[in-house]
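Subject: Structure for your review

Dear colleague,

I am handing over the structure we spoke about, and below it you will find what was found in it. Please read the notes with the sequence and the structure side by side.

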Amino acid sequence: MGNTCDCSCDEKLVKLQEIIAENKDKQGSLIHVLHEAQLIYGYLPIEVQKIIAEGMNIPLAEVYGVVTFYAQFSLKPKGEYKISVCLGTACYVKGADLVLDKLKESLNIQVGDCTEDGKFSLDACRCIGACGLAPVLTINNDVYGRLVPDDIPGILAKY
């Protein structure tokens, strides 16, 4: 957090501290607090995890363990447009790995990363249940199917 925060940093910290105060004495509330913190910050950097650990009187190692165990939590910021490429069996067999490679090349990032401008983040998932459209990717709530690597520049241009 430090000096790199935007002007809403203090506001975010106040919200986080309120959530911690409401939940610190409730058994099993860590996941709820982490979820709320991720809604506030967009991800869970170590600084936020330390605040939660101290505020809830839980060892930082336990907080970090929960954050890294559950897939819904992220240690890295997510972009305005969250791209997720399905790597389930049907998608993989039909070339999802090539689509993913084209995205990594086009965006100049790796899986799990966010572009420098904060516009796109890239992830891979197992199966989204659209096997008939394989290979598939989602950008936020938009679904794109029957993809080939050459489709990627046109799709990214829409955003």
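I begin with Ser121, which is found in strand β2 (residues 120–125), strands being DSSP runs of E of at least two residues and helices runs of H or I of at least four, both numbered from the N terminus. With a relative accessibility of 1%, Ser121 counts as buried; here buried means under 20% relative accessible area, exposed over 50%, and partly exposed in between, with a 1.4 Å probe and protein chains only. Leaving aside neighbours within four places in sequence, Ser121 is in contact with Lys78, Gly79, Tyr81, Lys82, Ile83, Ile109, Asp113 and Cys114, where contact means heavy atoms within 4.5 Å.

Before going further, please note that this is a predicted model, in which local features need pLDDT of at least 70 and side-chain atom pairs count only at pLDDT 80 or more, while totals for chains, interfaces and linings use all residues. Residues are numbered from 1 along each chain as its sequence is written, and side-chain values use heavy atoms, with hydrogens and water left out.

As for the overall picture, the protein has 7 helices and 4 strands, which follow the pattern α-α-α-α-β-α-α-β-β-β-α along the sequence. The C-alpha trace spans about 50 × 35 × 25 Å along its principal axes, and buried residues make up 38% of the 159 residues. Among contacts between residues at least 6 apart in sequence, 58% join residues at least 24 apart.

Thr138 itself is found in strand β3 and is buried, with a relative accessible area of 16%; not counting residues up to four places away in sequence, Thr138 touches Lys82, Ile83, Ser84, Ile128 and Val143.

Finally, there are 4 salt bridges, a salt bridge being a side-chain nitrogen of Lys or Arg within 4 Å of a carboxyl oxygen of Asp or Glu. In one of them Lys76 pairs with Asp113, the closest N and O atoms being 2.8 Å apart; this pair links distant parts of the chain, with Lys76 in the loop between α4 (60–69) and β1 and Asp113 in the loop between α6 and β2, 37 residues apart. Lys76 is partly exposed at 40% relative accessibility, and Asp113 is partly exposed at 25%.

Another salt bridge joins the side chains of Asp123 and Lys78 (2.7 Å, N to O). Asp123 lies in strand β2 and Lys78 in the loop between α4 and β1, so this pair ties together parts that are 45 residues apart in sequence.
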